[in-house]
Amino acid sequence: MDLTTLAVHAGERAAAPSERPVSTPIYASSTFVPASAGALDQIAAGAAPGYMYGRYTHPTATALEAAVLALETAGAGGVPAVCLSFASGMAALHAAILASGVGRGDVVLCAEEIYGATLALLRDLLAPLGLQFATAPVMDPSALAAALQNRPRLLIAEAISNPLLRVPDLAALAQAAHAVGAKLLVDATFASPLLCRPLALGADFSMHSATKYIAGHGDTVAGVVTAAAAEAAGLATARKLAGGLLAPFEAWLTLRGVKTLPLRVRRQCESAAAIAAELARWPEIAAVHYPGLPSHPDHAVAQRQFGAQSCAQVGPQHGTLYGGVLAFALRGAGRNQVFAFLDRLRLCLHATSLGDVQSLISYPLISSHREISPRQRQRLGITDNLLRLSVGLEAPADLLADLRQALATLA
Ligand SMILES: *Cc1c(COP(=O)(O)O)cnc(C)c1O
């Protein structure tokens with residue numbers, strides 16, 4: 001054999017299958033050699049599991065998907081489901097929408113308080129292809145019922161909305177959607193699989209930006225969709241043809257994140273609850289939005305919905321988990337004062353995203369809700385002095401001290 005040939009192949013596939021590393025390797029391979037031509041034929045026909053090309057799937061993705069599926073279906077009594085990983089939350093959402101079976105002329109109904117890019121995906125990419133879309137206030141059952149009269153094929157809602165942390169009753173949404181023949185897609189990013197497992201509540205698709213809590217370390221972008229087994233072929237086709245599979249290194253980082261997800265989220269929720277309760281006592285803070293506070297409009301729904309699921313996951317001794325994100329308004333502050341406050345923070349990093357080990361703060365007016373008209377923002381209750389805080393793993397006392405010293409600039 002020529003040395004050039006040897007250099008390409010030497011060492012590869014030398015490791016015996018009996019060798020079992022404790023960490024799934026990063027399978028950086030664009031294609032896979034079958035055991036035989038017959039085996040490849042079986043894999044290509046979908047008659048046998050296996051690997052043939054790096055755009056279809058790879059072993060590192062399989063390992064991550066098995067891990068997320070286990071979390072998303074925990075306690076669901078073995079209902080057959082699948083999980084697929086994607087290059088981003090948006091790629092996951094795109095595939096789930098396509099897999100839901102919507103086509104030209106069909107209506108997609110989407111919660112009014114929805115992630116900006118979700119709305120933009122429907123409006124700027126899918127509507128020009130003939131899909132219709134509308135928004136509905138999912139927190140208002142009669143307005144939702146009216147919107148469902150348009151017979152949408154798909155309803156999209158978030159388990160916890162941004163930035164006011166509204167919590168819809170997902171079982172009721174699933175029932176209302178199914179009654180008119182629509183499927184329900186839940187974006188559960190803010191809740192993480194620890195607080196909420198939408199499939200058990202009747203949703204047809206549960207999607208996460210794994211960039212946030214699931215990967216959790218601010219070092220990768222990723223997405224996952226979990227759905228009933230009947231949706232597997234549609235999701236796989238959408239992923240394969242649009243090329244949205246998560247790459248091996250990112251799948252590995254995300255899988256590593258999964259291992260500490262329950263520990264991280266539990267701590268983040270407990271810290272967020274403590275910080276929300278403390279901020280509510282500060283005179284400089286005009287309002288605190290957190291589903292764990294009795295003052296939050298959806299406290300009862302959150303308690304029921306997340307209580308049952310989160311206690312089953314982390315043990316009732318921790319109480320109900322309400323999420324690691326809160327929002328608060330600086331009393332009497334305008335845009336310039338909010339800017340000064342943000343620039344004075346040392347621990348809380350002013351950056352887009354959430355769910356990371358570092359606390360991240362964002363200003364919806366200039367980020368997530370930048371494109372929304374002042375009138376619509378006012379209607380949604382997103383004031384010019386509102387900030388969103390994603391609580392990380394720092395000690396709550398240190399985070400409060402950081403907020404306090406930055407507030408001093410406003411005095
Ligand atoms: C971040 C986010 C997305 C998009 O996820 P990417 O990983 O950035 O593509 C979708 N929905 C929600 C609620 C998000 O926070």
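Cys83 is buried, at 8% relative accessibility (buried means under 20% relative accessible area, exposed over 50% and partly exposed in between, with a 1.4 Å probe and protein chains only). The model is predicted: local features need pLDDT of at least 70, side-chain atom pairs count only at pLDDT 80 or more, and totals for chains, interfaces and linings use all residues. Residues are numbered from 1 along each chain as its sequence is written, and side-chain values use heavy atoms, leaving out hydrogens and water.

The structure holds 0 disulfides (a disulfide is a pair of cysteine sulfur atoms within 2.5 Å). For Cys83, the closest cysteine sulfur is that of Cys196, 15 Å away and therefore too far for a bond. Cys196 is buried as well, with a relative accessible area of 0%. Its sulfur lies 12 Å from the closest cysteine sulfur, in Cys269, again too far for a bond.

An open sheet of 7 strands has mixed pairing and the order 1-7-6-5-4-2-3. Two strands pair if DSSP finds at least two bridges between them. Strands (E, at least two residues) and helices (H or I, at least four) are DSSP runs, numbered from the N terminus. Strand 1 (81-86) and strand 3 (132-136) form the edges; each has a single partner strand, so one side of each lacks a neighbour in the sheet. From one strand to the next, the twist averages 20°. Strand 1 and strand 7 (residues 223-228) run antiparallel and are joined by 6 bridges. Within strand 7, Ala227 stands opposite Val82.

Helices pack on this sheet. Helix 4 (residues 89-99) touches strand 1, strand 4 (154-158), strand 5 (183-187), strand 6 (205-209) and strand 7. Its direction makes about 165° with that of strand 6. Axes are lines fitted to C-alpha atoms, for helices over the stretch in contact, and angles run from 0 to 180 degrees between N-to-C directions. Helix 6 (residues 141-148) lies across strand 2 (107-111), strand 3 and strand 4. Helix 6 runs at about 165° to strand 2.

The largest nonpolar core has 100 residues. Such a core is a set of buried Ala, Val, Leu, Ile, Met, Phe, Trp, Tyr and Cys residues joined through side-chain atoms within 4.5 Å. Ile97, Leu195, Leu279, Leu326, Phe328, Phe341 and Leu403 touch the most other members. Helix 10 (residues 248-279) gives the most to this core, with 7 residues. Beyond its neighbours within four places in sequence, Leu326 is in contact (heavy atoms within 4.5 Å) with residues including Leu165, Ala272, Leu279, Tyr290 and Val391. A second, separate core of 12 residues includes Ala67, Ile214, Ala222 and Leu255.
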